Amino acid sequence: MKTGIYGGTFNPPHIGHVKAAATAIASLGLDRLIVLPTGEPPHKQIPEGSPSGEQRLEMVKLAFSGLDRVLVSDLELRRGGPSYTCDTIRALREEYPEDELFLIMGTDMFATLDRWYNAGYILDEVCPAVLAREEDDMPELLEKAESFRRELREETVIIRSEVIEASSTAVREKVKTRGGRELVPPAVYAYIIRSRLYGARPDFDWLRTQAYAWLKPKRTAHVAGCEAEAVNLARRWGEDADDAREAAILHDITKKYELAEQLILCGKYGIITDNVEKREFKLLHAKTGAAVAESEFGVSERVRDAIQWHTTGKADMSLLEKIIYLADYIEPTRDFDGLTELRRLAYEDIDGALRLGLEMSVEDMKQRGITPHCRTQEAIDYLRQNG
Ligand SMILES: [Fe+2]
Ligand SMILES: [Fe+2]
C-alpha cells in the first residue's frame with residue numbers, strides 16, 4: 001500500500017492545502033493520505049492568539065472531508081511537545097509496517113530536509129514527495145534531488161502542482177476585514193465565522209445567503225428592508241452600521257418555526273420561557289434567533305441582545321436595540337396606519353419613535369385579542385419616566 005504523510009500547522013487549512021493533497025493522491029497513486037495538524041512546530045512559532053489544536057484539527061477535518069482516501073490524524077497534537085517528523089514517521093511505520101511511505105512537502109521544506117532532526121532516519125523510511133509549483137526554481141530543485149540520490153541513494157518524487165494563490169497568513173489577515181472567503185473551503189469559512197477565529201468578521205454576502213436559507217422565501221424582502229433601514233438609522237444616530245447590519249440580517253432567522261421547533265431550540269440553548277411566550281409562541285423567535293445567531297454565526301453580545309429584544313422591547317434598551325426594533329417596524333415593505341409619522345419620528349426623536357412604536361404594537365395586539373408581553377409595557381413605562 002502507498003501511504004502519504006502530509007503535516008502542517010493548518011492555521012487555518014486553505015484551498016491550496018486541499019489542492020495539494022488531491023494532486024499528491026492522484027500523482028503518487030496513494031491508497032491513503034494521512035493529514036496531521038502539527039502540535040508545536042519545531043521550526044516556527046504558531047502566532048499568538050491562534051486557535052487551539054482542537055480547533056485546527058476540526059478545521060482540517062472539515063477542509064479535507066471531500067477527499068476520499070484522506071485520514072486526519074491527531075497523532076502530533078496528542079503527543080505534545082515539539083512535533084518532530086521523525087517521531088511521527090516512527091509511529092506511522094509501526095502502524096503501517098509494510099507500506100511505502102511518502103512524505104509530502106513544499107519546496108521550502110525540501111530545501112532544508114537534510115538538516116531536520118534525525119534526517120537520516122527520515123530518509124531511510126520515507127520517499128520525499130515535493131510539490132513544485134510552476135514558478136519554483138526547477139534547476140535548484142532538481143539539483144537538490146540529484147544530491148540526495150548521489151549522497152544518500154534517496155529517490156525524490158517531484159510533483160508538478162497548479163499554482164493556487166492562498167496562504168494561511170493571507171486568510172488570517174483578510175478575514176478580519178470581511179474578506180478571505182474565497183481562500184478556504186466553505187465549511188472552514190463557516191467554522192471560522194462561528195468561532196470568530198482570527199478576529200474574523202463575516203462577509204455580508206455570505207451572511208445574507210446563510211440567513212436567507214433559514215427564512216420562508218416571502219420573508220426575504222422584509223429582512224432585506226430591515227437591513228437597509230437599520231443601516232440608515234445607525235448612520236443617523238451614530239451607531240455601528242456593521243453591527244446594525246449583522247443584527248438585521250439575522251433578526252428573524254428562526255421566525256418560520258412553530259411551537260414544537262421553538263421549544264426544541266429553547267431546550268438546546270437553555271432558554272427560559274414564560275407563559276406568555278409559550279402561548280404567543282411567535283414571540284420566541286427573538287430569543288431563539290438570538291441564540292442561533294450567537295452559536296452559528298458568532299455574533300457579539302450587543303448584536304445578540306439587539307436580536308433578542310426586537311419583538312417585545314424591554315426597559316432601558318441600548319441604541320442598537322432601539323434601532324433594530326424600529327427598523328423591523330418601519331422598513332420599506334411595511335404598510336399600516338400611522339407608519340409615515342413613525343418613520344418621520346424615527347429619524348428625529350428615536351426615543352419618541354420607540355415609545356410610539358411600542359404603544360402602537362400594544363394597541364394592535366389588544367385589538368386582535370392578544371395579551372401583550374409585560375416587557376413591552378415595561379419598555380413603555382421606562383420611556384415615560386425617563387423621556
Ligand atoms: Fe421578528
Ligand atoms: Fe422582522
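**Entry 1: helix H4**

I call a residue buried if 20 or more other C-beta atoms lie within 10 Å of its own. This is a predicted model, and I keep that in mind throughout. With that cut-off I looked up helix H4, residues 85-95. Which residues of H4 are buried? I found Thr85, Thr88, Ile89 and Leu92. I then looked down the axis of H4 and saw that these buried residues fall within an arc of 95 degrees, so they line one face of the helix.

Next I asked what covers the buried residues of H4. The cover includes four strands that I noted by name: E1, E2 (32-37), E4 (100-106) and E5. It also includes helix H3 (75-79) and helix H6 (119-125).

**Entry 2: strands E5 and E6**

I stayed with E5, which spans residues 126-133. How does E5 run relative to E6 (residues 157-161), parallel or antiparallel? The two strands run parallel, and five bridges join them. I picked out one residue of the pairing: Val130 has Ile158 in E6 as its bridge partner. I also traced helix H7, residues 138-152. Together, E5, H7 and E6 make a β-α-β unit, and that unit is right-handed.

I started from a general rule: most residues other than glycine have a negative phi, and most peptide bonds are trans. I went looking for exceptions.

My peptide-bond exception joins Asn11 and Pro12. That bond is cis, with omega about -5 degrees. Pro12 sits in the loop between strand E1 (2-8) and helix H1 (15-28).

Then I checked phi. Arg69 is not a glycine, yet its phi is positive, near 75 degrees. I located Arg69 in the loop between helix H2 (53-63) and strand E3 (70-72).

Asp316 is not a glycine either, and its phi is positive at about 55 degrees. I placed Asp316 in the loop between helix H16 (301-308) and helix H17 (319-330). How many other C-beta atoms lie within 10 Å of Asp316? There are 10. The cut-off for an exposed residue is 12 or fewer, so I logged Asp316 as exposed.

**Entry 3: domains**

Last, I stepped back to the whole protein. The domain assignment gives domain 1 (2-164) and domain 2 (202-386). I looked up how far apart they are: their C-alpha centres lie 50 Å apart.

Definitions and conventions. Residues numbered from 1 in each chain as written. Chains lettered and ligands numbered in written order. Predicted model: local features only at pLDDT ≥ 70, side-chain atom pairs only at ≥ 80, totals over all residues. Domains from an automatic or database assignment. Pairing = 2+ DSSP bridges. Right-handed = clockwise from strand over helix to strand, strands pointing away. Arc of directions from axis to C-beta. Contact = placed C-beta atoms within 7 Å.
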